[in-house]
Amino acid sequence: MSGAYEKVYQASVASPNVFWKAAADDIFWYQFPETILDDSNSPFNTWYKDGLTNACYNALDFHVEQGRGEQTALIYDSPVTQTVEKYTYNELQVAVAQAAGALAELGVTKGDRVIIYMPMIPEAAIAMLACARIGAPHSVVFGGFAANELAVRIDDAQPTLIISASCGIEVDRIIEYKPLLDHAIDLAQHKPNHCLVFQRPQTTAALQSGRDLDWVSTVSRAQPVECVPVESTHPLYILYTSGTTGQPKGVVRDTGGNIVSLKWSMKNIYDVEAGDVFWAASDIGWVVGHAYIVYGPLYNGNTTIMFEGKPVGTPDPGTFWRIISEHQVKSFFTAPTAFRAIKKEDPNGLFIKKYDIQCLKYLFLAGERCDPDTLHWAEDQLGIPVIDHWWQTETGWSICANPVGIELLPVRPGSPTKAVPGYQINILDANHQPLPAGEIGDIVVKLPLPPGTFPTLWNAEDRYVKTYFAPHPGYYQTGDAGYIDEEGYLYVMSRTDDVINVAGHRLSTGAMEEVLAAHPDVAECAVIGVADDMKGQVPLGLLVLKAGVTKDDQAIAQEVVKMVRETIGPVAAFKTATVVQRLPKTRSGKVLRGTMRSIADSQPYKTPATIDDPVILDEISETLKTLGYAKS
Ligand code: COA
Ligand code: AMP
């Protein structure tokens, strides 16, 4: 219906209280909230503050009670172990209640934090839901992070319990998780009371007596427990995300807002009804995995898929199509990188033709900018709407999308379409003034943010205000820059901070620089994100050595590559570093990372008026050319 989006959008911004009260009617509450939005202490706004609910109840028990118990809730599809396992809502509820009982018997109570460091196996989702069942905020740490990153999160979240598995599987490599976990606990100041370890058949982890427990025997002995009613504002989870420094930000997600916003989004953005199969090919370590592998589809009574594999190589670029066809997926969500990887191996879509994927109605892409080439290729191959949408760990769900459940708006390549109902997007200049259509500035969202967005940062209220709300009073600073065109379409162009996006994974160049700077021969350094055909961006390190260093440049470069892998993790994809004589800087000493990035990507750039010595840019350009960058 034409104009439907505009109508819903206007209703959401004209009367947020009315709009989000109606959405709240669609979820289960032990006590329906009397106050919908409390913005008396902005930017610490709260939604549904006197409501009582439970995320696990909404995800499982509610559906069992409504007669959906025999429907498949979760499909575990793992080409790396050649396994397909299905859990009905009944079975998942039983498994989660039992696991929650085990957690309770280990002394975990409402408010205690639990870190989950697990691969893409059903027990990971069961662990998350078990935490939610007893009101213990979970903090999932992505498996591709190194022990040091895990240790930083342990110290910040101070978990009572850590849940892990003996290993993950990266295509055909076994990644032992337990040694990483043990090392992280050694590094951390805080020590958990227990670790609960799921032993996978591929490898058995050594358990430390008194501290570590076997998942299967502990859970099977436990008594199942019921859901604990929690305040709407109670933290469901903490998810750490990269900022400008090595200290990640613990994004807090409150319970009521999460349930309402995700359930609303399943119908209105992803156009799925209860009973439909929805698949997000991401990882539970990322916000997409929290929202659209675990919570959103289950709140909505969908069948969700946990995929343990890669778009290519497990075993071939037809994996996605095999899963879509076999499990009858209606809406599919992944990152553009995954499509670039498939396109590279199967440019003519021969693997797509091998499967009947008529069930698929939409492809949703997010996590990084979707380049028009990838969008067109996907549209041509699949013949369905390909929807780019933009969001962040902080918001928990999309800020800008084509809300196909309300109305399919015309797709504009390069744009994630328009503001999602509830979000008032503006483009501001450095003086907080709105910019006209077509002009690039800071993308900000006028307060209040809608339900489901982050109410604070864990242990870092000052950082919450300083990073996100101080730059433009009255607005949330997204950290992205872009413009809105005459028709209200948003174009997200780049980050305004030192965050880069590698294969849809958000990483901090500042954190990598901290690692490089710790090398004894490095005097100063810079890490920039350079364009990569497949991963969108990859980090590149530039090192200035201390005077008198005689060691081979190549050897130092290799050492820092190893250090980043060991300190941050393989997910950083930090593979290239090079020695330069000097770094270009402003006269006040600020390293000109943006200018170097433009040079590396062969983009036009202006030599900044404040540059200390313009000749350095020529030197950098020559060095980058030897690495295959700065082509023109
Ligand atoms: N545990 C341990 N290591 C992991 C890991 C995990 N859970 N996930 C990734 N890694 C490792 C990989 O093995 C790889 O290590 P390597 O340098 O030794 O090869 C490194 O981290 C980078 O991994 P990845 O980003 O997955 O790159 P890749 O080269 O292995 O695969 C793609 C390339 C495009 C197939 C892959 O990046 C991909 O599937 N991208 C889509 C991402 C996505 O869905 N993002 C979600 C946002 S919505
Ligand atoms: P994360 O918090 O890991 O989800 O990363 C959020 C960041 O990824 C955003 O701030 C953007 O920089 C980028 N991003 C996510 N989705 C998109 C998109 N559709 N288009 C452009 N950038 C995106």
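Does Phe145 count as buried or exposed? In this predicted model, Phe145 counts as buried, because its relative accessibility is 6% and the cut-off for buried is under 20%.

**Aromatic rings**

A pair of aromatic rings is described by the distance of the centres and the angle of the planes. The structure holds 46 aromatic pairs. One of them joins Phe142 and Phe145 edge-to-face, with 6.1 Å from centre to centre and 85° between the planes. Phe142 is buried as well, at a relative accessible area of 13%. Phe145 also has a charged neighbour: the charged end of Arg153 sits over its ring, 4.6 Å from the centre.

Elsewhere, Tyr270, Phe278, Tyr292, Phe333, Tyr362, Phe364 and Trp391 form one aromatic cluster.

**Ligand 1**

Which residues come closest to ligand 1? Among the 24 residues that surround ligand 1, the closest are Glu170, Arg173, Lys310, Arg565 and Lys575. The shell around ligand 1 divides into 12 nonpolar, 6 polar and 6 charged residues.

| Side chain | Distance from its N or O atom to an oxygen atom of ligand 1 |
|---|---|
| Arg173 | 2.8 Å |
| Lys310 | 2.6 Å |
| Lys535 | 3.0 Å |

Taken alone, ligand 1 exposes 930 Å², and the protein buries 84% of that.

**Ligand 2**

Around ligand 2 there are 15 residues, of which His389, Thr393, Asp480, Arg495 and Arg506 come nearest. By type, the residues of the shell around ligand 2 are 4 nonpolar, 5 polar and 6 charged.

Here the backbone takes part. A polar backbone atom of His389 is 2.7 Å from a nitrogen atom of ligand 2. Glu368 has a backbone N or O atom 3.4 Å from a nitrogen atom of ligand 2, and for Arg369 the corresponding distance is 3.5 Å. On its own, ligand 2 has 500 Å² of accessible area, and the protein covers 93% of it. Strand E21 (390–391) and strand E27 (490–495) are the elements that give two or more residues to the shell around ligand 2.

**Backbone details**

Most residues other than glycine have a negative phi, and most peptide bonds are trans. Where does this model depart from that pattern?

A cis peptide bond joins Thr314 and Pro315, with omega about -5°. Pro315 is in the loop between strand E17 (303–307) and helix H11 (319–327). The peptide bond from Leu447 to Pro448 is also cis, with omega near 5°. You will find Pro448 in the loop between strand E25 (441–446) and helix H15 (461–469).

Gln328 is not a glycine, yet has a positive phi of about 55°. Gln328 is placed in the loop between H11 and strand E18 (329–334). With 46% relative accessibility, Gln328 counts as partly exposed.

Thr417, not a glycine either, has a positive phi of about 75°. The loop that holds Thr417 runs between strand E22 (398–401) and strand E23 (418–419). Is Thr417 buried or exposed? Thr417 is buried, with a relative accessible area of 3%.

Terms used:
Residues numbered from 1 in each chain as written. Chains lettered and ligands numbered in written order. Predicted model: local features only at pLDDT ≥ 70, side-chain atom pairs only at ≥ 80, totals over all residues. Heavy atoms only, no water. Phe/Tyr/Trp six-rings, centres within 6.5 Å; stacked < 30°, edge-to-face > 60°. Buried < 20%, exposed > 50% of the residue type's maximum accessible area, 1.4 Å probe, protein only. Lys NZ or Arg CZ within 6 Å of the ring centre and 35° of its normal. Near = heavy atom within 4 Å. Polar contact = N/O pair within 3.5 Å; in protein donor to acceptor, adjacent residues only side chain to side chain. Areas by Shrake-Rupley, 256 points an atom, 1.4 Å probe, with all protein chains shown as cover. Helix = DSSP H or I, 4+ residues; strand = E, 2+ residues; numbered from the N terminus. Nonpolar A, V, L, I, M, F, W, Y, C, P; charged D, E, K, R; others polar.
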